[in-house]
Amino acid sequence: MPDLITITIDDVEYKVPNGMLLTDAAKLINIDIPVFCSHPKLDPLGACRMCLVEQDVRGRWMIVTACTIRVAEGMKFRYASPAATQAREDTLEFLLINHPLDCPICDKGGECPLQDQTLKHGPGVSQFQEIKNHKAKRYPISDLIMLDQERCIICWRCIRYLEEWEDKPQLGLFHRGDRSVIDFFPGQPVDAKTSGNIIELCPVGALTNRVSRFRYRPWDTKNIDSICVHCSQGCNVRLDGRIHQLRRVVARENMAVNDEWICDKGRFIHAFADAPERLTTPLIRDHKGGELREAGWEEALALVAQRLAFTADVQGPAAVGALGSAKLSNEAAYLLQKLMRGLVGSNNVDHRGGAAVLADPRGLSAIRDVEQADLIVLAGVDPAEEQPVLATFIRRAVRRRGAKLLILHPRQIEDTRYPGAYLPYKPGQEAALFEGLSRGLLQEARVKERAARLAGFADLVDGLGNAAVDAAGAEAVRLMLSAQRPMILYGPALVSGRAAAANRASLMNFALLAGCVERTFYLAPEANSVGARDMGLLPASLPGHAAIGDAPGRERLERLWGVKLPTQPGLGYDEMLEAAAAGRLRALYLVGSDPASQGPAGQAALQKVDFLVVQELFLTESAKLADVVLPAVSWAETDGTFTNLERRVQRAAQAIANPHSQAAPDWLIFTEMAKLWPAVAGEAKAEGKKSKRKSSGAARQWGYGSAAEVLDEITRAAPMYDKLSWDALGDEGTQWPLADAAGSPLSAVASRRLTPPERRSVAPGRDEYPYALVAGQVLFDYGTLMRQTEVTERVAAPVAVSINPADAAREKLAAGQPVSISSAVGQVVLPVRLDETVQPGTLWIPYSLPGAPAETLLGSVSAGSGARVRIAPGALSSSEKVG
Amino acid sequence: MVESRTRSAASPDLPHPSGDPRFALIDRTLKRFRFQQDALIEVLHTAQEAFGFLEEDLLIYVARQLKLPLSWVYGVATFYHFFSLQPQGEHNCIVCMGTACYVKRAAEIVAALQTAYGIEAGQTTPDGMLSITAARCLGSCGLAPVLIVDGQVLARETPETAIAAVQLAIEASAAAGNGRSSQLDDSYDEEGDL
Ligand code: SF4
Ligand code: SF4
Ligand code: FES
Ligand code: FES
């Protein structure tokens, strides 16, 4: 309870919290002091003079700025007095002197504080008869944001946001007086990853969204609350639709998740929802080698159901598999695995295309916990590229609370500019790195004493040996030991690929020794990475994380679904592709996954299956190989829920619908397909002459009329989703509890057991492939979604291989020169880019570039980024040109 | 690459790679102020005196050394009229267009100079002899309209006297055969003008 004090406004006494800004205090008592520069999320500045009031200063009434005054006992103000009113009116008159008459064509018109304030507090007439100042009107400050300097009222919000939240003060106020302009240093436009927030902060139409410019009027859109599905943070957004199109995405406040910010991917990358290349009707290929032709839903669904049922019947259910994706909603993920398990009878379902196999499914305790940490360890994760809004919270912790960062990453990521330590490593050295740190920790007597009580201690000490700890490692250990509230965040790069288990074990050892294992969290990558696991879109676990082998858990679902479930764990993502390539998997159902775009190996596997179904938004590389393509809709076109990296289940409601398209939501496609099952299963039985399964009972369980009804069933299938129905989730979502009473397998994650390090044979330095390939996620990759508008394509990652300038000099390579890079499994040609943040001895290629160069060199995405490669000058011949 | 106050830039003691001796002057000022960020104005002063104007490269150097964001340095450099971002002419004529001078018809002086020398305020003649600048209040309103020709403050000017003063300055240096004129007087206090 804050202490209340008494202030007087216009001769009336009010009780307000001590120390509050006068503008905020006034709001509590329903006095709406107009502001421009003041903003609840930015430090007070007092730049615009819109909020002028009178204050009694030792008996004299003075004009002061309400937005910078913190109220204290006995302060007296006048808001409605003639002098105060006149002062505000004058401020507005001044602001309007040089303001252009742009309202009719200004994006802000209709939601413009300058319009509103002028109407409410302005003079109504202008005395100004001279010629207005002219400044730059269409002045891009980045590829994504347009500045109109004439509309700017110099409130400094944009400058302050970039300074206070992004810690990238790229905009400044240049010149002075009526010539003042917002601008950037020549040649250094804004490139902050959450820069779009300044568009919303701008109280006028000076900063506009280059994707949405002139495509909406604020009063003319239908606005739906949703969430962003580009990463696992699940930022809350509002989707503004107009005549069936998504015209604009803006942020929505959710203090627990995104404060009131979103990143530029969330704001600008949405054209895929309206793209003309979207699939609008089912497609069927009548015979291998033939063309895809348009078909109706009935024909397509019947064909799919019949072929899946037939294959299951004849080849056995294990010959059918489904690859979903961590981008699918909970409802889609749940129904896909239910269809596979309940109707097809196969546990071959997975979603982890390259993603962490061994990651902790619980995610982060709570997103905003990062702000309380005094040491944040970023292990193999670059939040600025992977969860940019989380990155701003981390920067706040550093800037405002003095937190330090201990960064372990193959690239010298941007946040290494902060106090702390940076330990570079090459892919493959992760476990050794953590073992070194563990050795360092054990040199400390108190660590050793505490750790001696942990199971596995002796073996660990044995295995770690007593090699010396280098200076950087010692500094990292010192940071770790002196921290009061350390927090370890690790990313998918650390726990995918061949070394995943060893990496994770060494990380957990380190965390246990540091006494930080309860505060060690996995930053899941995709919008529904956590949800897809909760829904059981995994070969060995059912909804609610019940293991396939766990009889009570399985029986509970059998009762719910009215079927018998297969008891053997199925194949994982890579295993299914391998089985397909080997001819053991005969029918494959891809829902939102695209193995063919992940290099030649994926393509070859898909070509081998007898029957390939692809359910997608676009005609992806995989869809081009399909026998049947089912057109699905984007997150904006259906209801769905997603579970973010802190286990918060959130709603994304339908915002638009394309009347010219037959594309359907995933949940509806699955439901309709299931309804056909009894018939086709009977047919298959007749054809196959022997039936192994009886599934008509199961199909009766598929009467969903909406996504919300699917969610209702989820609340019964996954114990942690109990009570999380559509209505109950509300606008801000609900977290499922970290500690679950049912003693779920999740508690095993925080096992307090030390694992002895694996004996690794030190791979001999093979001169044939002298470089380590580092591949990873960047915010603006070059995937399909980025390519939908010219504006967003411009910011996509350069199609190039980045190399340290020292290595380039030694190899005699110049920037822009084409080089050929080869690994044991593939070869690509790319232009060279020099980049000091790339470690010597490594090459950096982001995932999802056109032509999938990183994926090609790695062979499979799930191999993790560890391939050895060599580089040589090479020409870009037109046939092998990438992109 | 983005500059930040917190960025651990290359050690501030590193001299400018070009080896241009004029950077040593800047370095001396930097050291005198122990690389304190609030010495920015002094450092820019030195830079401007050493180089005649503030090239982008110079601003980047100063920003690095003081670990200040480029946008701040640029903001300060553009705020004060003393600093120039373009090469200046040998002679320099600043006409005050502040309120007091404006009321006393400074605009006519600017117009006359523009016609006489064929350039706009803010530009330099093609032969590099003269730059004309229009300034905000120069802090000597009592003398309005005020002109500063090569650092000399001239009071109560008219279009005719202004052109005569500029012509005199140009001819004097031509006669003396010496190229450079002095820059503005150091004691000139830009802070007075807020
Ligand atoms: S910023 Fe506001 S007042 Fe200015 S033109 Fe746009 S809508 Fe009109
Ligand atoms: S551009 Fe907008 S946010 Fe930035 S200073 Fe101008 S009015 Fe304020
Ligand atoms: S809102 Fe108070 S000065 Fe701008
Ligand atoms: S207005 Fe010219 S000196 Fe003040």
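Which residues point one way from strand β28 (residues 640-643) of chain A, which point the other way, and are they buried or exposed?

Analyst: The model is predicted, so local features need pLDDT of at least 70 and side-chain atom pairs count only at pLDDT 80 or more, whereas totals for chains, interfaces and linings use all residues. Residues are numbered from 1 along each chain as its sequence is written, while chains are lettered from A and ligands numbered from 1 in the order in which they are written.

In strand β28 of chain A, A:Gly640 and A:Phe642 point one way, and A:Thr641 and A:Thr643 point the other. In a regular strand, side chains alternate between the two faces of the sheet. All four residues of β28(A) are buried. A residue is buried if 20 or more other C-beta atoms lie within 10 Å of its own, exposed if 12 or fewer do, and partly exposed in between, with C-beta atoms placed from the backbone. Strands are DSSP runs of E with at least two residues, helices are runs of H or I with at least four, and both are numbered from the N terminus.

The partner of β28(A) is strand β29 (residues 648-652) of chain A, which pairs with it in the antiparallel sense over four bridges; pairing requires that DSSP find at least two bridges between the strands. Within this pair, A:Gly640 stands opposite A:Ala652. The two strands form a hairpin with four residues between them, and A:Arg647 in the turn has a positive phi of about 65°.

Elsewhere in chain A, five strands form an open sheet in the order β20-β19-β18-β21-β22, with parallel pairing. Its edge strands, β20 (420-424) and β22 (520-522), each pair on one side only. Neighbouring strands of this sheet are turned by 15° against each other on average, direction ignored. Axes here are lines fitted to C-alpha atoms, for helices over the stretch in contact, and angles run from 0 to 180 degrees between N-to-C directions. Five bridges join β18 (residues 375-379) to β19 (residues 404-409), and A:Leu378 of the former stands opposite A:Ile407 of the latter. Helix α14 (residues 471-482) of chain A packs on the sheet, touching β18, β19, β20 and β21 (486-490), and its direction makes about 135° with that of β20(A).

A:Arg307 belongs to helix α7 (residues 297-315) of chain A and is buried because 22 other C-beta atoms lie within 10 Å. Apart from residues up to four places away in sequence, A:Arg307 touches A:Ala587 and A:Phe611; contact means that the C-beta atoms, placed from the backbone, lie within 7 Å. A:Thr68, by contrast, lies in the loop between β4 (60-65) and β5 (76-78) of chain A and is partly exposed, with 17 other C-beta atoms within 10 Å. Neighbours within four places in sequence aside, A:Thr68 is in contact with A:Pro44 and A:Gly46. The C-alpha atoms of A:Thr68 and A:Pro44 are 5.6 Å apart, although 24 residues separate the two in sequence.

Chain A also meets chain B: 18 residues of chain A and 15 residues of chain B make the contact. On the side of chain B, helix α4 (residues 70-79) gives the most, with seven residues.

Definitions and conventions:
Two residues are in contact if their C-beta atoms, placed from the backbone, lie within 7 Å.
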